[in-house]
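My entries follow in the order of the look-ups.

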Amino acid sequence: MKANPRDVLTGVHYIDGDVAAGYGVLAAGCKFVAGYPITPSTEAAETFARVAPKGNAMFIQMEDELASISAVIGASFAGVKSMTITSGPGYTLMMEAIGFGAMLETPFVLLNIQRGGPSTGVPTKTGQADMMQSRWGSHGDYEIIAISPDSPQELFDYTIKAFNLAEMYRCPVMIMSDECVGHMTEKVVIPPAEEIELEPRRLYNGPPGEYLPFKPDGDFIPKMVKAGAGYNLYISGHVHDERGYPVTNEEFKSVYLRRLVDKIRRNKDKIIELKEENTDDAEVIVVSYGISSRVAVRGIEKAREKGIKIGNLRLVTVWPFPDEKIIDLAKTTKAFVVPEINYGQIAFEVERCCHGRANVVLVPHSGAGVHNPDDIYDAIVFAAKEKKKIEGIVEYKTKLEKLVFEGGFKLKE
Amino acid sequence: MAEIRFAGYGGQGIIKSGIIAGKAASIYDNKFSTMSQSFGPEARGGACSSQLVVSESKVLYPYVTKSDVLVAMSQEGYNKFESELSEEGILLIDEDLVKHKPPRGKIKIYSIPTTRFAEQLGRKIVSNVVMLGFFTAVTNIVSYEAMKKALPGSVPEKALDLNMKAFEKGYEYGKQKVKIK
Amino acid sequence: METLKTKKMKEVHPMEDVLRMNRIPHIWCPGCGIGLAVTAFAAALEKAKIDLNKVAIVSGIGCTGRVAGYIKLDSFHTTHGRAIAFATGIKVANPDLKVVVFSGDGDLISIGGNHFIHAARRNIDMLVVCVNNFIYAMTGGQVAPTTPLAAYATTCPFGSVEPPINIPYLADSSGAVYVARWTTLHIRRLTNSFIEALDKKGFSVVEVISPCPQYYSRINRLGDGLDMMKFYHDNTEIRHGEDTKNLDIGFQGKIIMGKFIDRERPSYTERFD
Amino acid sequence: MKTDPKGVLVGSHYLSGNHACAEGALSAGCRFLSVYPIMPALEVSERFLARAKEVGATFIQMEDEISTLAAVLGASWTGKKSMTVTSGPGLSLMMENLGLGVMLETPCVIVDIQSVGPGLGLPNRPSQGDMMQARWGSHGDYEIIALAPSSPQEMFDFTIKAFNLSEHYRVPVAVMSDEYVAHLKEKVVIPPANKIEIEPRRYYEGPKDSYLPFKRDEDLVPRMVDIGEGYKFHVTGLTHDDRGYPIMNEECQEYNVHPLVWKIRNYVDNIIEVQEVHVEDAEVIIISYGATSRAALKAMEQARNSGIKVGSLKLDTVWPFPEKRVAELAKKVKAFAVPEMNFGQIVLEVERCSYGNANVFFVHHGEKGVENTDNILSAVKQAAQQNSVKDGIIECE
Amino acid sequence: MNLWRKPLDLQDIKVARGEIHIIKDLCKGCGFCVEYCPKDVLEISEEFNTKGYHPPYIKNPDECVECHLCEMLCPEFAIYVTLKEDNNVVKSASEEGGQ
Amino acid sequence: MSPIINAFAQGIKKSGVKPAEVCVPSDIPFEPNVVKQLGVDYFHTIRGRAIVFGTGLKLANPALKVVPVVGDLMTLGGNHFVHASRRNMELLVICVNSFIYKKIGGKSVPSTSPVFSLYSTFEEPFNIPHLGNSCGAIYTARWTALHTDELVNSIAEALNKRGLSVIEILAPGPDYYTGINNIDSNLVKFYHKNSEIKNNEDPRNVGIMPDENIVVGKFTDKERPTFIDVYNAQLSKVIGDKFTPYGPVPTSRTGAGLGTGKNESGGKDG
């Protein structure tokens with residue numbers, strides 16, 4: 001299905017990532033956004049609020065994030081594409097409902113413009129420390145999809161892709177961007193509507209009497225209907241059977257809950273998108289995502305100039321994690337360097353998938369800023385030189401850490 | 001490639017300056033540009049800066065490492081970012097608000113009373129556009145025509161005339177300054 | 001302790017006993033009224049004859065959420081909307097303390113609305129100061145539950161479509177024992193209200209109507225802080241004891257101020273025993 | 001320091017896990033409980049409430065779980081040891097204030113009686129689906145401590161331990177129990193107060209005007225004071241310096257957050273406790289925690305009887321994860337079998353820490369319930385026969 | 001500390017005179033003090049402070065009656081008033097530095 | 001079937017609303033067969049979020065009749081109730097209130113289970129009609145589960161109101177875990193016996209007090225534009241002719257339609 005020309009602001013814009021995401025939401029055919037103001041994601045919500053009437057869409061600012069996400073799940077069941085926009089603390093408040101959304105197999109999109117944490121942290125500055133949270137933040141077992149764009153153009157493109165994935169796999173899709181990308185202004189080219197491919201809601205067409213809301217099709221994914229269309233839906237957040245009726249029997253738990261994780265795990269290959277560069281014969285591979293992948297470019301270029309065989313693996317899709325890819329690369333490379341704006345989250349996943357075959361060097365950053373590219377370069381040099389296998393993650397000591405903790409430094413407001 | 005830093009405090013339109021110059025370079029001069037911003041929680045009065053990287057090819061690394069131009073509209077901004085300015089760089093300051101040290105290396109300093117000019121034009125809020133005009137005249141990184149095209153749509157429509165005037169004022173002043181130098 | 005004389009020689013502000021002067025200038029914009037609410041509160045603390053060591057102040061998030069950081073008491077800057085819940089814990093765990101919650105309309109009434117009504121119902125002994133500037137200012141001017149109908153904000157670019165909440169009415173119907181409203185212009189009356197409320201046992205609410213020149217006034221073209229103060233001068237009316245249901249505030253409409261509720265109800269800790 | 005005898009119900013009792021937990025809390029000197037009722041954690045608060053008056057403890061039932069944890073943090077700053085109990089959905093709601101607790105470095109205990117999730121799941125069935133959430137559920141970088149009791153006695157002991165750890169490291173500590181243990185009744189021996197060692201709050205003792213709420217000791221843990229003592233301190237959830245004043249730059253972020261992580265990572269050896277049985281000669285080790293470890297021990301016994309050399313590693317402390325020990329054992333054994341009541345959480349950690357030296361078998365309890373050892377046994381058998389190390393986790397049911 | 005406004009001592013016929021102190025660099029130029037001074041003592045100055053605002057200056061120093069309204073209406077804690085030492089108003093005990 | 005469900009079914013019938021267009025988000029478990037008999041779409045949501053879930057349903061498809069049935073309105077979801085009332089979101093909130101209180105009408109309440117008491121017994125419960133009224137609800141009523149006829153009429157009446165209506169049903173028993181059929185009949189009888197009907201009473205006077213009888217009745221019945229009304233009016237005013245009003249168009253074959261009906265995403269539905 002093509003996008004509706006009414007919703008697409010075709011042309012060349014010079015806008016920041018938040019605004020680009022706002023335009024992307026409309027272009028993706030989303031008709032309902034509920035949000036609550038939180039720095040640094042508000043501009044995306046504001047943008048959508050401004051353009052919503054154009055697409056006959058509704059923006060509502062709810063009383064809190066708990067309300068926003070529940071309204072989004074409700075709207076999705078009413079049959080429209082819906083999303084919410086937030087940042088760290090708001091994201092945390094949504095955790096209960098994200099699990100609920102996963103349980104109900106609700107297609108919806110969540111844009112998280114990450115900031116420095118924990119708690120209130122640094123609202124106006126960047127972070128990438130919600131990555132594990134996006135996967136594990138709600139109670140119980142579930143799987144979600146998470147994408148990490150690195151430029152305003154990608155925020156536009158991947159917002160659309162996120163909606164498509166959500167509809168395809170009937171699950172919450174997170175766009176895990178960060179403040180740097182959200183507040184970075186660049187040229188964004190919005191193509192004409194006929195060049196934007198959208199995934200329509202997969203609706204059930206049969207008679208009401210036979211409809212089973214959680215009976216999967218061949219690819220593990222059940223079809224949906226719209227609320228109020230006469231299907232006499234029974235949808236429960238409890239563990240349920242194909243009819244949606246709650247079950248208390250443990251047998252059903254392993255059958256029906258299992259599908260929630262399997263529908264993602266078994267479709268991994270179709271979902272995962274990676275960007276690879278020179279990884280085939282690399283000594284060292286930099287694994288990065290979001291803004292860190294742009295910062296890493298400097299370090300990589302410098303290392304290449306010095307003759308290090310360096311590969312670059314950018315995780316566009318962070319969850320589900322590309323286990324097999326890392327396992328394969330670990331067999332041929334010496335080490336992975338993982339720069340991320342946290343004290344190790346995705347690095348643990350890389351370490352897990354290395355199976356001791358390659359070293360893992362983490363270049364951490366506390367947040368509120370991006371890496372010094374020299375740190376990444378130094379880490380690459382270290383990784384290339386190191387001959388023995390090191391158990392555990394090597395945490396590279398950054399210039400920032402040395403500055404702050406080693407001698408005479410005074411904090412200035 | 002040129003790396004430009006605008007620094008001042010919230011409320012001066014520091015980020016707006018970056019956007020207008022970036023838009024001019026990217027859309028009307030057909031170069032590539034990336035603008036990123038850094039600000040505190042305060043809407044007004046907090047330290048605030050924007051970074052603009054203008055390049056002939058796609059901007060991969062989006063931040064300023066050694067700035068070619070530093071536009072300082074506050075003392076705090078000057079103090080913080082002066083050391084980042086390259087030895088051959090250009091420093092632009094609001095002369096009423098910033099007192100500078102003797103220049104390092106081959107740094108060229110151009111000063112202009114933007115806030116005063118803006119107040120004379122009627123609204124203090126256009127001081128950033130005065131500075132943009134000055135910036136255009138002095139640095140030649142972004143063309144005059146592109147800047148003029150970038151202004152409409154970037155400032156409120158009602159205030160476009162005022163902004164155009166402010167831009168011209170800064171531009172003229174800049175041209176004179178360059179001549180004198 | 002420093003004597004008055006040495007203080008005078010250093011030329012320091014007389015409120016330095018209750019303010020963290022080393023943190024000032026504060027982050028609020030020129031013409032913002034939150035500073036005035038703090039001034040009035042600081043004045044009240046000095047006059048109220050209470051042991052300042054036994055007062056804790058809790059704020060949430062937002063512009064007003066920064067207040068706790070500037071007042072020299074045991075002070076807590078907590079998560080968004082949870083100031084009252086945090087304060088409830090303090091009060092219930094140690095009933096000897098006086099607890100003040102100082103936060104904004106978005107924080108207390110929107111995301112924290114549930115804690116607000118429940119603390120009022122339980123009649124937890126605390127003073128809640130709600131600075132109402134009709135908008136979310138810290139995040140850049142989004143619609144708040146107090147934004148008047150048809151007023152503009154960034155997330156309602158075509159004018160607000162939600163009727164605003166009447167904070168005194170909500171407090172009253174939830175069970176607060178002391179409810180008053182003043183604007184930042186009526187600074188001495190506000191101070192007196194603070195003193196009275198600090199003395200009151202039970203859930204007390206003081207709403208402070210405050211200008212937001214940077215966002216609310218700018219988006220709605222209402223001038224600067226001074227224009228708003230002039231507006232308060234011309235469009236306010238004091239009606240003590242007015243029925244709280246008549247206290248709605250329309251867009252640039254008349255603001256009724258005064259002390260509306262002053263009653264007695266057993267507080268939570270009293271009932272618990 | 002010895003505990004206050006007032007809260008200690010000395011003697012042998014026949015208690016459910018939940019009741020043992022309440023007794024543990026009271027014995028540890030917990031004097032403030034804030035809850036919102038949720039299955040299957042109710043009995044903890046009921047027991048606590050029933051005993052509150054005689055012990056002199058305070059209890060409040062809040063309007064939701066968001067506020068319960070906020071109230072606990074507030075109460076903790078008054079000097080009272082405080083805790084809350086909840087289950088999955090409640091824990092999800094607490095996540096934001098868990099972050100605040102980490103940022104304010106507030107000692108408190110959160111007891112999570114896990115039931116099946118996500119969403120509403122099955123409120124009255126056991127699960128271990130919140131294990132990763134406990135570690136990663138709030139935004140931003142932080143480390144917490146999580147313990148997993150497997151019996152009512154351990155519910156009692158670990159609750160006390162949780163309070164001690166939380167006071168020592170000034171961090172929220174989670175007791176990750178589950179519905180099975182919570183409702184399991186067994187003998188619980190409560191020793192006299194002079195046998196119960198508790199960690200006193202680490203108070204600041206210097207002059208009042210030079211108190212800095214986040215000035216760190218050598219071990220990176222700052223000292224506390226109580227509200228109302230005249231220190232007039234400020235603390236904030238924003239990134240802050242030693243004074244507790246917010247500073248918004250990356251240097252301060254590093255200064256603030258780095259120790260939050262490293263005050264735990266540096267002391268993992270002091271924090272982590274595991275119980276090992278027959279690991280010396282084992283070919284296969286079952287790694288388990290909480291209720292599952294009961295079945296694991298049984299399965300180990302059965303396997304030994306049929307001649308397979310099986311050992312057991314029970315994780316008393318799940319977070320921080322005993323990386324080093326697992327890595328050491330991985331070099332010695334053929335495989336690990338990890339039974340969990342979820343679809344694979346801690347097993348990922350085991351995979352990470354085996355560094356390709358041992359196979360990792362994941363055992364899902366499946367439909368047969370936690371008591372059943374068949375699945376574990378068959379996994380162990382399979383593991384014992386597998387001679388080469390395979391990539392990735394091997395799942396078996 | 002007790003510097004707030006007090007009822008004038010009845011025996012004292014002299015009107016209190018105040019001395020205004022302006023902490024210029026804290027000022028953000030909102031103009032509240034100038035607008036609401038009942039005696040028109042203050043005026044906005046032409047000079048910039050370090051933040052680029054125009055702070056007030058004392059135009060009519062002798063007019064100040066120590067009403068403290070500018071102090072109360074300053075959102076920035078940038079202005080305060082003290083009682084002028086050289087008049088005959090009896091000082092209250094608390095002002096001697098006691099609590 | 002419980003008296004509440006019965007009254008709900010009859011209320012829908014009496015109101016003339018098509019059951020297929022009724023959506024019931026709820027935090028109380030309904031039996032599947034109950035839902036089947038009612039013929040509505042039922043969503044068992046997480047605790048406290050039924051109203052906001054309903055807000056999403058309603059805004060995404062304004063043609064729906066959304067009836068959140070809430071086990072306990074005021075604890076987790078209190079804030080959502082306040083704000084939905086303020087917005088006048090077009091929802092009928094049926095609040096099955098199972099508060100536990102020591103005394104009613106001066107008499108001790110028989111057998112109250114201490115478990116699941118949603119308020120501590122020494123705390124005063126909310127006066128829900130008053131709170132609703134003060135926040136802007138257009139219809140408030142309170143009945144015990146045994147005021148069957150009155151309840152049916154109230155539900156039928158409120159289903160045809162435009163705006164936020166709230167009907168409080170005093171029925172000890174149901175909450176998040178036990179289901180709507182599970183009410184304690186002795187206790188309801190006790191409540192019924194100790195209640196008095198005072199229609200149109202000022203909601204401020206209907207608080208449930210230990211020493212007084214429970215006041216039941218219809219307290220508020222007024223008109224106010226709904227959220228969508230105000231939205232359409234305001235946007236038409238500002239944007240002018242270019243604005244397409246948001247809201248229902250004539251319903252399609254299968255029931256409620258959405259928006260303008262054309263170009264809507266995934267519009268394969270019948």
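I call a residue buried under 20% relative accessible area, exposed over 50% and partly exposed in between (1.4 Å probe, protein chains only). The model is predicted, and I kept local features at pLDDT of at least 70 and side-chain atom pairs at pLDDT 80 or more, while totals for chains, interfaces and linings use all residues. Residues are numbered from 1 along each chain as its sequence is written, chains are lettered from A and ligands numbered from 1 in the order in which they are written, and side-chain values use heavy atoms, without hydrogens and water.

Entry: chain B against chain A.
I looked up contacts (heavy atoms within 4.5 Å) and found 24 residues of chain B touching 22 residues of chain A. Between the two chains about 1800 Å² is buried, with 57% of it from carbon and sulfur atoms; buried area is the accessible area (1.4 Å probe) that two parts lose on being put together, summed over both. B:Phe39, B:Tyr61 and B:Tyr63 supply 32% of what chain B buries against chain A, more than any other three residues.

Entry: salt bridges.
My rule for a salt bridge is a side-chain nitrogen of Lys or Arg within 4 Å of a carboxyl oxygen of Asp or Glu. Across the interface of chain B and chain A the rule finds 1. B:Glu3 pairs there with A:Arg298, with 3.8 Å between the closest N and O atoms.
Over all chains the search of the whole structure gives 105 salt bridges. I noted D:Asp391 with A:Arg357, at 2.8 Å from N to O. This pair crosses between chains, from the loop between α13 (374-385) and β17 (393-396) of chain D to the loop between α13 (346-354) and β16 (359-363) of chain A. Helices (H or I, at least four residues) and strands (E, at least two) are DSSP runs, numbered from the N terminus. D:Asp391 is partly exposed at 30%, and A:Arg357 is partly exposed at 29%.

Entry: pairs within a chain.
In chain C, C:Glu196 and C:Lys259 form a salt bridge with the closest N and O atoms 2.9 Å apart. They lie 63 residues apart, in helix α8 and strand β10.
In chain D, D:Glu323 meets D:Arg352 at 2.8 Å. Helix α11 holds D:Glu323 and helix α12 holds D:Arg352, 29 residues apart. Is D:Arg352 buried or exposed? D:Arg352 is buried, at 3%, whereas D:Glu323 is partly exposed, at 34%.
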